[in-house]
Structures are given as structure tokens and as C-alpha cells.
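Subject: Structure for your files

Hello,

Here is the structure I said I would pass on. My notes on it follow below the entry.

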Amino acid sequence: MKKLLYITVNSKPEELSSSKTVGRAFVNRFLEEHNDFKLEEIDLYDVNIPRLQYRYFEKRNTLINEDARNDLNEKDKKDVEKIISLCDQFRSADVYVIAAPMWSLSFPAPLKEYLDCIVQDDKTIKVTESKLEGLLNDRPRSVVYIQSSGANIPWILRPVFNKGLNYVEDIMKAMGIKQFKELLVDGTGFTEEERKEAIDKAIEEIDDVIKHIKLK
């Protein structure tokens, strides 16, 4: 069975988070369309994401081997095991839905820490002296990035303001995932009425985004 990995990056409960509200609507609609997928979820505010230490690596983006891990203290061992687990979970999925707010023209810090954990040599990338090759092009994979923001950002200014979105897209493509779709929840504003309007507008776009995801 194929897997949809739903990654959320907001400490708010779902009913208070615009990105998570739209993310849940997207996931539910996708699973209605594709009942051959199972859902796996990870809340980056509710899981331990290790801070990467030099002693965890034998070289750039390459974790130490099992023998070397035995020399670590218990906390460090658990951190390395968690990094491996997060990376393996990511590799096992076919469709990824990431729901995150725009913070400071980017995204909350846990997402960057998570991405650092999953970009690993011989797992999601292959690093040589001459190039970096993505390894996640072994089968069709797709990413949908759902981003909420308080302002209505004109399309001409999106390359300037959507730095976080652009970064995530670049990282995914570097790992070999060619298909990247965005679903923007712009203009959540200052009132509940503005937020609901932005959410409803984004939800109306869900079917069109799903229609353009290539699964074969």
C-alpha cells in the first residue's frame, strides 16, 4: 500500500491553525480519492527532533556506523536512532503533505531541523566530489506544501516573500522529488472572519491540486 506522510509544523491545535485546518481538509479529500493510500502523520512540535552534533557523523551528511554508535552515551545513541527513524519514515512515503505557517518570511524552526535530519548521504541523496544526486526519484513521489500567511501576497512579490516555500521546494527537488505543488492560505488577516475566508478559498483549490498530482 502507498503512503501519504502528513507533516505539520505549528504548535497551535488544529482548529486554531489555518495551515493545519486546510492540511486536514486536503488529506481527507486525497484519501477519499485514493483509497490505496495509508496515512501516517508527524507533528514536528510533538516529536523529538535531534539537534545535529558533529559526533553523530563520520563525514558530511553521513551518520556514523553502528559500531561507532556503541561508543556514544545513551542520549546520543537515541538521537542518532531518531535521525535514522525520521529519514527512513520519509523515504518510505509516496506523497508528502507539509502544513506550515509563514514565519519571518520562512517557516518555524522545527521544519528546518527536520529537513536537516532527512537529507542523508546514501539514503535521500548521494554526495560525490563532483555533484549531489537525489535518490528519491526511484518512483513517483509528490510534495504538497500548504502555507498560511496573514497577508495577501501579490503573485509578482511571491518570489520575494515566499522564501520558506522556495527553500522547501529546492530541498525536495535536490532529493529527487520532481513534483512539487503549493496550496497557499493567504490573507488570514487579523479577524476570525478574514481567517475563515482565507481557509475557505484555499479549500476550494484542493480538488484542482489533487487532480494535478501524478501518481504513476
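**The sheet and its surroundings**

Leu-4 has Val-95 as its bridge partner in β5. This is a predicted model, in which local features need pLDDT of at least 70, side-chain atom pairs count only at pLDDT 80 or more, and totals for chains, interfaces and linings use all residues. Residues are numbered from 1 along each chain as its sequence is written, and side-chain values use heavy atoms, with hydrogens and water left out. Helices (H or I, at least four residues) and strands (E, at least two) are DSSP runs, numbered from the N terminus.

The sheet is open and has five strands in the order β2-β1-β5-β8-β9, with parallel pairing; two strands pair if DSSP finds at least two bridges between them. β2 (37-43) and β9 (179-185) are the edge strands, each pairing on one side only. From one strand to the next the twist averages 15 degrees. Axes here are lines fitted to C-alpha atoms, for helices over the stretch in contact, and angles run from 0 to 180 degrees between N-to-C directions.

- Helix α1 (residues 18-33) touches β1, β2, β5, β8 and β9, and its direction makes about 160 degrees with that of β5.
- α3 touches β1, β2 and β5, and its direction makes about 125 degrees with that of β1.

**Strand β5**

β5 (residues 95-101) pairs in the parallel sense with strand β1 (residues 2-8) over five bridges and with strand β8 (residues 142-148) over seven bridges. Val-97 of β5 is the bridge partner of Tyr-6, and Val-97 also stands opposite Val-144 in β8.

Seven of the seven residues of β5 are buried, where buried means under 20% relative accessible area, exposed over 50% and partly exposed in between (1.4 Å probe, protein chains only). In a regular strand the side chains alternate between the two faces of the sheet. In β5 both faces are covered, with Val-95, Val-97, Ala-99 and Pro-101 on one side and Tyr-96, Ile-98 and Ala-100 on the other.

Asp-94 lies in the loop between α3 (74-91) and β5 and is buried, at a relative accessible area of 10%. Its side chain reaches the backbone nitrogen of Lys-3 at 2.9 Å. Leaving aside neighbours within four places in sequence, Asp-94 is in contact with Lys-2, Lys-3, Phe-37, Arg-139, Pro-140, Arg-141 and Ser-142.

Lys-214 sits in the segment after α8 (206-211) and counts as exposed, at 61% relative accessibility. Not counting residues up to four places away in sequence, Lys-214 touches Pro-140, Ser-142 and Gln-179. Lys-214 and Val-95 are 119 residues apart in sequence and 9.9 Å apart in space, C-alpha to C-alpha.

**Helices α4 and α6**

The axes of α4 (residues 109-118) and α6 (residues 163-174) come within 12 Å and cross at roughly 10 degrees. That makes α4 roughly parallel to α6, a term for angles under 35 degrees. Leu-111, Lys-112 and Leu-115 of α4 meet Tyr-167, Val-168, Ile-171 and Met-172 of α6. By class, this contact has six nonpolar, no polar and one charged residues; Ala, Val, Leu, Ile, Met, Phe, Trp, Tyr, Cys and Pro count as nonpolar, Asp, Glu, Lys and Arg as charged, and the others, Gly among them, as polar.

Regards

Methods. Angles under 35 degrees count as roughly parallel, over 145 as roughly antiparallel, 65 to 115 as roughly perpendicular and the rest as oblique. Contact means heavy atoms within 4.5 Å. A polar contact is a pair of N or O atoms within 3.5 Å; within protein, one must be able to donate a hydrogen and the other to accept it, and residues adjacent in sequence count only if both atoms are side-chain atoms.
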